[in-house]
Every structure is written in C-alpha cells, then in structure tokens.
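Please read it with the sequence and the model in view.

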Amino acid sequence: MDPTSKLAIIINDQDLPEQHKLIAQKVLDQKRISFDEGVYLYQQAELGYLGVLANHIREQRHGDKTYFNKNFHLEPTNLCVYDCKFCSYSRLIKQKDEGWALTLEEMLNVVKKYDGESVTEVHIVGGVLPQYDVAFYSALFTAIKQHRPALHVKALTPVEYHYIFKKAKIDYATGMKLMKDAGLESIPGGGAEIFHPEVREVIAKDKCTGEQWLQIHEQWHKLGMRSNATMLYGHIEKYEHRVDHMEQLRQLQDRTGGFQTFIPLKFRNQNNQMENVPEVSVIEDLRNYAISRIYLDNFDHIKAYWAMISRQTAQLSLNFGVDDIDGTLDDTTKIYSMAGAEEQNPAMSTKELVALIKQVRRKPIERDTLYNVVTDFTDVVFDEDIKPQFYKLPVIN
Ligand code: SF4
C-alpha cells in the first residue's frame with residue numbers, strides 16, 4: 001500500500017482522536033505543524049501512527065533512496081577546557097594521561113593515510129584546547145586542501161568557533177569568513193545539545209549558548225555555505241525542550257536555508273557524569289526520528305548515526321523518517337564507543353553499508369557531503385558476489 005493510502009486510512013479512522021486526524025491531514029496537505037502539535041505528538045502519539053506520517057514525508061521527498069558517504073573522522077584531541085556532564089569523550093586537562101592532542105603534522109598524517117582511497121570527506125571534531133586557535137585551524141584546513149583538494153573539509157562546531165574567535169577578539173562574521181578562506185567547506189551539526197537554557201545550563205554550562213550556536217551557523221549560511229544540526233535527546237530534557245530546539249532550527253532555516261540535515265543524537269550513559277540517568281528505549285528513538293521528520297518541514301534530510309544506535313536500529317529508522325545513515329567511518333571515531341554505543345570499533349565497508357540498506361528494501365546511494373550523487377548502488381553487484389562459473393567439460397564429437 002502506498003504511503004498516501006495509509007494516511008487516508010488514518011484520516012478516516014473513526015476511532016482515532018480528532019487531534020491525531022488533524023495532524024495527519026496537515027501532513028497530507030504539506031502544511032506545517034505548530035509547537036503545541038509537536039508537543040502533543042511527543043505526549044500522545046504512538047509509534048505506528050508516527051511511522052505512517054514520517055514515512056509518507058520521507059518517501060515523498062526521497063522515495064526509497066537512502067544516503068551514505070565514504071568518510072573518516074579526524075579527532076585532534078580528547079582534552080577539553082569544558083566539562084559537559086553528558087560527555088564520555090573528553091578528558092579534562094588535569095586528566096592529561098588519558099588523553100591525546102595531535103600536532104598539525106600528525107593530523108596531516110591521518111589524512112595522508114587515506115591517499116588513494118575513495119573517501120570524499122574528512123569530518124574534524126574533538127575537544128577544545130587553547131593551543132588550537134584561529135591560526136592553527138586555518139593552517140590545518142589549508143594544508144589538507146593543498147594536499148588533497150577534492151577532499152571535503154567538514155570541521156568543528158560553534159563550540160570551538162566561539163572559543164577561538166573570542167580569544168582572537170574577532171566577531172563571528174569575520175571568523176567564519178577566515179575559516180572559509182582557509183579551506184573550510186561545511187560545519188557538522190555538533191555542539192547543539194539542547195538549546196533551552198533550563199537544560200543547557202545543567203548539562204553544558206560553560207560552552208557557547210544555544211543563541212550563539214545559532215548565530216554562528218547563521219553567519220556561515222550568509223556566506224552561502226551549508227551545515228547540519230543535531231539534538232542530544234533522552235536525558236533530563238522535557239518534550240517541550242525538544243520541540244523548542246527544533247522550532248529554533250526551523251526558524252533559522254526559514255531565514256537562511258543553509259541546513260542540510262538534522263541528526264538526533266541519543267544520550268548514552270556510560271563513562272560520564274550522568275550515569276544515573278537511564279537511556280531511552282529504541283521505541284522512543286524511533287518516535288523521536290519520526291517527530292523530527294514531521295516537525296522540520298524545511299529540512300531536506302534526517303540522519304541516523306548507525307555507529308551510535310546500532311545497525312539494526314538504523315535499519316528500522318528508515319521507516320520512521322530517516323533517509324541517511326552516515327558513513328563508512330573506518331573506525332576513526334571514539335565519540336560513540338566511549339559513550340557506550342553498541343559499535344565499539346565502528347567501521348563498515350561500502351559493501352556492508354549497501355547490504356544493510358538493501359536488506360530493508362531501500363536504495364543505497366553514495367553521496368558527497370553536499371548530497372551530490374557519487375554512486376547509485378541500487379543495481380551494483382560487487383565482484384565477489386558474482387557466483388563462480390562452473391567449469392564446462394569440452395564436448396567431444
Ligand atoms: S561535549 Fe565537547 S565541549 Fe563538552 S566536554 Fe565534551 S568535548 Fe568538551
């Protein structure tokens with residue numbers, strides 16, 4: 001049954017609450033839902049209903065296409081001047097023995113390891129350290145682009161940018177222009193957590209505020225550049241805080257159109273100061289993906305990080321609004337494993353990612369960072385999958 005028919009069944013279902021039907025009708029008519037309706041969905045809507053609505057939007061926009069990319073992470077340091085309560089990754093400067101801090105040359109060596117491999121993106125993210133300043137990052141971006149011009153540099157978050165620009169006494173507009181001129185091509189979605197100060201001041205008190213996070217992305221978009229946005233959910237926030245977070249993103253996107261992808265990040269409770277906070281269920285993960293898809297009507301893509309939520313949940317998420325499951329990673333990130341994710345050494349070959357997507361009857365599309373199609377794997381058969389031909393005995397007449 002096509003997704004529109006399923007929506008029609010919901011709208012005509014006598015037993016469904018009126019509010020459920022009104023929201024389904026809005027989705028069918030491609031109308032935006034309100035803040036209160038977003039909260040209502042979190043409070044009242046069950047998974048099956050949300051899945052029908054979110055999948056309708058997903059298939060209208062992308063059909064069965066499911067995107068991934070070939071990328072690797074470069075994590076300059078896990079030392080950090082901040083002390084976010086949910087962070088399993090950072091070691092404070094006083095815990096230096098457990099940390100690493102790469103030099104510029106060491107970072108370039110990480111990039112050089114991928115020479116000759118078909119990766120399209122380096123994703124640079126890590127802790128905040130005083131020695132990594134505007135001059136350092138400019139030199140890093142320039143050196144990467146000089147070494148490999150076609151490799152897309154997606155790097156740092158407003159947390160780092162706010163810190164280094166403040167130190168350099170330059171405003172956000174000047175700073176982002178400097179980064180662009182040095183070789184930066186897009187900004188990942190991190191550091192957003194939950195914007196609302198009631199939550200942010202408890203879990204991430206000292207780093208940039210939600211408002212500053214949004215201002216930095218706005219300046220970046222004004223330069224004609226693209227970025228992503230995340231939301232850390234499933235800890236001490238209330239549903240209203242999640243909807244407020246998405247509402248602020250939706251408003252900025254209305255003004256700039258610079259966001260590509262929204263990425264809900266599940267709070268994991270290992271190795272951090274919030275170990276007493278239970279993690280939410282897979283059902284809540286899927287509900288959250290679906291509501292994000294419904295609420296953020298001006299975002300093209302919703303992404304699930306397979307390395308964070310497990311391969312199976314990533315497969316399931318493709319029926320709940322998600323159309324992107326991130327990249328091959330090549331075991332280059334510690335962020336998920338240190339927080340207790342199922343994937344302790346996250347790496348998938350292209351073949352494995354393609355198989356994961358095909359198993360749930362979606363079409364695997366390798367994309368670059370800006371969603372240009374690199375390869376449509378729908379009909380690709382990998383060499384090693386071609387069955388060996390049996391040797392035929394010669395026919396003797
Ligand atoms: S979340 Fe980022 S800013 Fe916060 S402590 Fe961890 S590495 Fe530092």
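The model is predicted: local features need pLDDT of at least 70, side-chain atom pairs count only at pLDDT 80 or more, and totals for chains, interfaces and linings use all residues. Residues are numbered from 1 along each chain as its sequence is written.

**Helix α10**
- Helices (H or I, at least four residues) and strands (E, at least two) are DSSP runs, numbered from the N terminus.
- Helix α10 covers residues 210-222, which makes 13 residues.
- Among the buried residues of α10 are Trp-213, Ile-216 and Trp-220; buried means that 20 or more other C-beta atoms, placed from the backbone, lie within 10 Å of the residue's own.
- After α10 comes Gly-224, whose phi is positive, near 85 degrees.

**The open sheet**
- Four strands form an open sheet in the order β11-β1-β12-β13, with mixed pairing; two strands pair if DSSP finds at least two bridges between them.
- Its edge strands, β11 (324-327) and β13 (373-376), each pair on one side only.
- Strands β1 (residues 65-69) and β11 run parallel and are joined by 2 bridges.
- In this pair, Asn-69 stands opposite Gly-327 of β11.

Definitions and conventions:
The expected span of a helix is 1.5 Å times one less than its number of residues. A residue is buried if 20 or more other C-beta atoms lie within 10 Å of its own, exposed if 12 or fewer, and partly exposed in between; C-beta atoms are placed from the backbone.
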